[in-house]
Amino acid sequence: METKIYDASTIDEAAELLKAGDLIAFPTETVYGLGAIASNDEAVKNVYKVKGRPSDNPLIVHVSDREIAKYVAFVPQQAEILMEAFWPGPLTLIFPMKEGIFAPTVTAGHNTVALRMPDQEQTLELIRKTGFPLVGPSANTSGKPSPTTAQHVLHDLSGKIAGILDGGETQIGLESTVLDLTNAVGPIILRPGAITEAQLEPVIGKLAANAGTANETEAPKAPGMKYQHYSPTQPVILIDGTTADWKAAIEECHDQGKEIGILASEEKLTAHKEAVRATFSLGPKADVTVASQRLYAGLRYLDEQPVDVILVEAYDPNGLGKAFMNRMEKAASAKYPKK
Ligand code: TXA
Ligand code: MG
């Protein structure tokens, strides 16, 4: 199958393909999603198949407006307030599931369903033209970094899907915050993203617990968070330390005969680029927004370079930095210095 590129002028054709049960990847403000009509079980099964996604990991359903009462068992008051405050935007909400609306494979056996309204006019238009919400897991091969350009999607899924709606580079670069509103203990962040705890708490009050905090092991998680994720083929080492630690890590890799790639801030690259084979800049250290936007492109770029190991730089794990570090830590197979 030839994977065609669509844009605003050919969006009708993309919508027709979705209606016929084909898969079309679409841009969002976070990462590209792999779209299929959420009521078509065959199409949704195909989404799992082309991604190589474990069948126990449910999908996010993408809607084009806040009129969601028809899709879920009930809409908690907190959800109304959150949708008003953050939709369209990078916040996924978990609702109690309503039987017979979405294909059974969407929720992977759970009795809840995840909904989000992306902040991407072209994609909202695509959903409206299709006439029904679309599932949209990140449009990468399972386990690989999420795609932030149409080219990334082509790299992973060319020949396996009917098309890609090209919206250029995504703005945020990290997947949405996933917030569970169905837990008796209160709202829980299952996956950190660009909508932070500090933004949510003034709107709905104190959250119950958070993924990525000290008691992460006890906090319930999005099913998908248990898998190793976001990883290139080469081992990734997360460096959280001083200039001396960087020098020691580089020396240790060289002693083992390994070629090194570095994914780090401008400042770190300036200090160490002479000693390594390939680099990718995450921008100025003070700007975690730019670093987040570039993270997956950087992992993908270095994956294609002739290097044996990728060293990545730790950032302050607060605000957006929490989501950034959550993804970095999942991509990494080791940390330096070893603690
Ligand atoms: O920003 C995003 O959310 C992107 C764009 C394309 O919208 N999508 C995305 O989808 O990241 P995916 O499938 O790669 O990640 C969905 C996450 C997984 O960790 C999954 O386990 C969780 O959401 N999830 C989905 N349904 C859930 C449910 N009913 N309960 C708990 N977690 C759920
Ligand atoms: Mg994903």
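Residues are numbered from 1 along each chain as its sequence is written, while chains are lettered from A and ligands numbered from 1 in the order in which they are written. In this predicted model, local features need pLDDT of at least 70, side-chain atom pairs count only at pLDDT 80 or more, and totals for chains, interfaces and linings use all residues.

The protein chain is assigned domain 1 (4-226) and domain 2 (236-336); such bounds come from an automatic or database domain assignment. The centres of the two domains, taken over C-alpha atoms, are 28 Å apart. Their contact involves 13 residues of domain 1 and 15 residues of domain 2. Two residues count as in contact if their C-beta atoms, placed from the backbone, lie within 7 Å. The side of domain 1 that touches domain 2 has six nonpolar, seven polar and no charged residues. Here Ala, Val, Leu, Ile, Met, Phe, Trp, Tyr, Cys and Pro are nonpolar, Asp, Glu, Lys and Arg are charged, and the others, Gly among them, are polar.

An unreviewed UniProt entry places the feature "domain: YrdC-like" at residues 8-195. UniProt positions follow the numbering used here, feature names are shortened, and annotations may be inferred rather than shown by experiment. Residues 8-195 are 28% helix and 19% strand, with the end C-alpha atoms 28 Å apart. Helices (H or I, at least four residues) and strands (E, at least two) are DSSP runs, numbered from the N terminus.

Ligand 1 has 30 residues around it, of which Thr30, Gly33, Pro137, Ala222 and Gly224 come nearest. A residue is near a molecule or strand if its C-beta atom, placed from the backbone, lies within 6 Å of it. The shell holds 15 nonpolar, 12 polar and three charged residues. Strands E5 (91-96), E6 (112-116) and E10 (188-191) each supply at least two shell residues. E6 gives the largest share, four residues.

Five strands form an open, parallel sheet in the order E14-E13-E15-E12-E16. Pairing requires at least two DSSP bridges between two strands. Strands E14 (278-281) and E16 (334-336) are the edges, each pairing on one side only. The twist averages 20° from one strand to the next. Strands E13 (residues 260-264) and E15 (residues 309-313) run parallel and are joined by four bridges. Leu263 stands opposite Val312 in E15. Helix H8 (residues 243-255) packs on the sheet, touching E12 (236-239), E13, E15 and E16. The direction of H8 makes about 160° with that of E12. Axes are lines fitted to C-alpha atoms, for helices over the stretch in contact, and angles run from 0 to 180 degrees between N-to-C directions.
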